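This briefing sets out selected features of one structure for review.

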Amino acid sequence: MRKRAMKKPGRGKRLLVTVAAVLLLLVGSVYLIHRVELNREASLLTPMGELVKVEGHTMSVYTAGEGEQTLVFLSGAGTCSPILDFKSLTDLLSEDYRVAVVEKFGYGFSEDPVRGRDLETVLEDTRAALEAAGLEGPYVLCPHSMSGIEALYWAQTYPEEVEAIIGLDMAVPGHYEEMRVNLPLLRLGQLGARLGIARLIPSLAESDAIRFGTLTGEERDIYRALFYKGTATGAMLREAAAIRESARLVGEGEVPQIPMLFFLSNGEGTGFDTEAWRQIAGDYLAQVREWWRVELDCPHYVHDHQYRFISWEIKSFLNWFGA
């Protein structure tokens, strides 16, 4: 009786198995190094603000200054360290005003609970955090980028709490009619961050606040540690998934008739060209009775590039409308 000869794996299959094994070993090594580095960096992560409880979870609120007016800073999407991101500007403004930076769930030193990120929930969390920190309105809201939607909704929903809006290249509803949020790409980025693959590209951790702001060497190290610990968190992704619906909700409401100051970038980093980015913001602003508009030749994180000029303009604006 003849025995049937066993076929040996083809060269292509052996090569594929070898490549897969090498990649698995490489990813495993990167992950182990990432975990070691996270443990080492943990000593840097002493909260810079007050930790308050909101719905049973911890949120971080940073305050400085003793002025009569309270300026509340709200970060853009995915900003790993809102406190340090705004610090070059808030250090200047705290000389004359009380400033507050609210780190939403999933940002900075705040927890990342499994919690809805629809617009109403985000706003109520922010308001509860300020209340827990002992900060009462009315506020001057200073949102960057995506937080412009929250600021406008705040003014629509609780007009007695919002005295003015100072947009740091903030988004308005019209921007999200054109913008597409690539959730699969964001989830891929989240996986890469959790595996530590982002450490293979150190430039990813070099934010505009690090490169152009006034952070000390220690503060830069803290920012990098927060980046590696909290990139593409669950809350950030849920917020991104909800933003178009949030923008639609605000767009259907009335335009708040409170003083507004918009600082507009050259569009770099927004996904829009200069003309389109500024036009959409300008069209919204034109519906407001009292407004200032300042165009800046710098990228999206305007407060990290032109903090001195922005500080001077904010003070002039607040003096203008009598705050």
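Strand S1 (residues 50-54) and strand S2 (residues 57-64) are paired in the antiparallel sense, with 5 bridges between S1 and S2. The model discussed here is predicted. On its other pairing, S2 joins strand S4 (residues 98-103), again in the antiparallel sense and over 5 bridges.

**Strand S2 and its partners**

- Valine 54 has histidine 57 in S2 as its bridge partner.
- The hairpin formed by S1 and S2 has 2 residues between the strands, and glutamate 55 adopts a positive phi near 55° there.
- Of the 8 residues of S2, 6 are buried, so the strand is largely enclosed by the rest of the structure.

**Helices H6 and H9**

- Helix H6 (residues 183-195) and helix H9 (residues 234-252) have axes that come within 11 Å and cross at roughly 175°.
- Because angles over 145 degrees count as roughly antiparallel, H6 and H9 are roughly antiparallel to each other.
- On the H6 side, the contact involves Leu183, Leu186, Arg187, Gln190 and Arg194, which meet Gly234, Leu237, Ala240 and Ala241 in H9.
- Sorted by class, this contact of H6 with H9 comprises 5 nonpolar, 2 polar and 2 charged residues.

Note on methods: Residues numbered from 1 in each chain as written. Predicted model: local features only at pLDDT ≥ 70, side-chain atom pairs only at ≥ 80, totals over all residues. Heavy atoms only, no water. Buried < 20%, exposed > 50% of the residue type's maximum accessible area, 1.4 Å probe, protein only. Helix = DSSP H or I, 4+ residues; strand = E, 2+ residues; numbered from the N terminus. Pairing = 2+ DSSP bridges. Axes fitted to C-alpha atoms, helices over the stretch in contact; angles between N-to-C directions. Parallel < 35°, antiparallel > 145°, perpendicular 65-115°, else oblique. Contact = heavy atoms within 4.5 Å. Nonpolar A, V, L, I, M, F, W, Y, C, P; charged D, E, K, R; others polar.
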